[in-house]
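Keep the sequence and the 3D view open side by side as you read.

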Amino acid sequence: MELDNPTPSLGKLEATNPCGEIALLPYESCNLSSICLQNHLKKTSKGYEIDWEDLEKTVKLGVRFLDDMIEVNTYALREIEEMVKQGNRRIGLGVMGFAHMLYILEIAYDSPEAVRLAERLSKFMRKKAEEESLRLGQERGPFPNFDISVFAGTSERYRNCALTMIAPTGTISMMANCSSGIEPAFSLVTKRRTFFEDDDANRPTREFLMVDPIFEQELKKLKMQNAKCKMTNQKLKDTQEILECVAEHGLGDVGGLPDKFYKIFTTTHQIAPEWHVRIQGAWQKWIDNSVSKTVNFPHMATVEDVQKVYMLAWKLGCKGVTIYRDGSKQDQV
C-alpha cells in the first residue's frame, strides 16, 4: 500500500476505512460509489457482450459525481476538510454486479476467462477515470497537494490523488438487486424466516425464498421436461419446484438442466480459495486504492490452507486480503 501512497511527504498511510479498500493518511476520508456492471451489457445475435461505450460514460460521470461530492460535503473537523477538500481529493469509484455479469455472459467465476475479463475491466475503468480526472484538473485545477505529490513535475495534473477501488457494497447491492462487489453470488436460493407480531413469543412465522434474480430469469426460459430432484427422485414441474429443491439440496441435486447451468451458476462455497484470490489480484492490478474481497473457507480449512491464500495474494500484488472460515463464529449467515 505504501508504494502507492500518492503524497508520501505528508506521512505514512496509517489506517483504512472499515472494509480495508481505502488506505488513509491522518484525517483523510474518501467518498465512494459503485457502478452496477450487469447494467452495462448489450444483447447481440450471439448473446450478450459488454457495452464499453456505455461503461465509459458511467465511469466518467462517476468520477465527476464523486469530485462534486467533495465540494458539497459537510466536514466534521477542520483537519478533515483540509486533508480531503483542500488536500488530496481522494475518491473511490468501484463496481458491483461482477458475478451477475459473468452469469449473463455465461462465464464461470472460477475460470481463466473470468480472470482475464476482471483485469480488462479494471484497466478500462482506470484509464477512463484518469481521463476524466485530467479533464476536471483542466477545468477546476489539480488537487491542492499536487505539487508535493508523486505527480509533481509531470503533465498528469489530476483533480484527484487516487480514483478507483472495490468496496463490499453489501447494502447498496441489495438495493440494486445485483451481486455484491466482485464477490461470487453467495447462494442461488436461500430460505429466509421472518418475525411478525402475529406471534406473542416473537417466533418466526413466515418463510420465503430469496432467489438470485439472474438464476431465476434463466430458469424461466427453460422447458421443464426433464428436471427432477435427485434426492427425492421426484419430477420438478415448474420453476418454483426447482427453486424449492435448490434451497433444500443445492443446484447439484437438480437433474435434467442444461450443462451450462452447472458450470456457470457457481456460488461462494463451490469456488476454491485460489480463484477468489486470482479474481482479486486481477482487479487490483489496475486499481490505485485497494480491493475489499473475502476468501471463503470450509469449516475444515487448515492453517496451511490459509497461509497459501495469504502468500498467493502477496505474490499477485493484492494490498490486503480477508479470509472467513465457515462456522468460525457462533452466529453467521
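1. In the protein chain, 67% of the contacts with a separation of 6 or more join residues 24 or more positions apart. A contact here means heavy atoms within 4.5 Å. Please bear in mind that this is a predicted model, in which local features need pLDDT of at least 70, side-chain atom pairs count only at pLDDT 80 or more, and totals for chains, interfaces and linings use all residues. Residues are numbered from 1 along each chain as its sequence is written, and side-chain values use heavy atoms, with hydrogens and water left out.

2. The secondary structure comes to 10 helices and 13 strands. These are DSSP runs numbered from the N terminus (helices: H or I, at least four residues; strands: E, at least two).

3. How does the radius of gyration of the protein chain agree with that of a compact globule? A globule of 333 residues would be near 20 Å, and the chain has 22 Å, which agrees. The radius is taken over C-alpha atoms, and the globule rule is 2.2 Å times the number of residues to the power 0.38. Along the principal axes, the C-alpha atoms fill a box of roughly 70 × 55 × 45 Å.

4. Of the 333 residues, 46% are buried. Buried means under 20% relative accessible area, exposed means over 50%, and partly exposed is in between (1.4 Å probe, protein chains only).

5. Now to the inside. The largest nonpolar core has 64 residues, and those with the most contacts inside it are F98, L121, F215, I242 and W283. Helix 4 (residues 112–140) gives the most to this core, with nine residues. Such a core is a set of buried Ala, Val, Leu, Ile, Met, Phe, Trp, Tyr and Cys residues joined through side-chain atoms within 4.5 Å. Another core, of nine residues, lies apart from the largest one, and V277, F297, V309 and L312 are among its members.

6. Which residues does I242 touch, not counting those up to four places away in sequence? The partners of I242 are L219, M224, A227, L236, V254 and L257.

7. Two residues deserve a look for their backbone angles. Most residues other than glycine have a negative phi. T169, however, has a positive phi near 55°, and N177 has a positive phi of about 55° although it is not a glycine. T169 sits in the loop between helix 4 and helix 5 (170–176), while N177 is in the loop between helix 5 and strand 7 (189–195). T169 is buried because its relative accessible area is 7%, whereas N177, at 46%, counts as partly exposed.

8. K237 lies between strand 10 (234–235) and helix 7 (239–249), and at 59% relative accessibility K237 counts as exposed. Its C-alpha atom is 53 Å from that of A162, a residue 75 positions away along the chain. P258 is in the loop between strand 11 (254–255) and helix 8 (259–264), and its 32% relative accessibility makes P258 partly exposed.

9. Finally, visit R206 in strand 8 (residues 204–211). R206 counts as partly exposed because its relative accessibility is 43%. R206 and R193 are 13 residues apart in sequence, and their C-alpha atoms are 5.8 Å apart in space.
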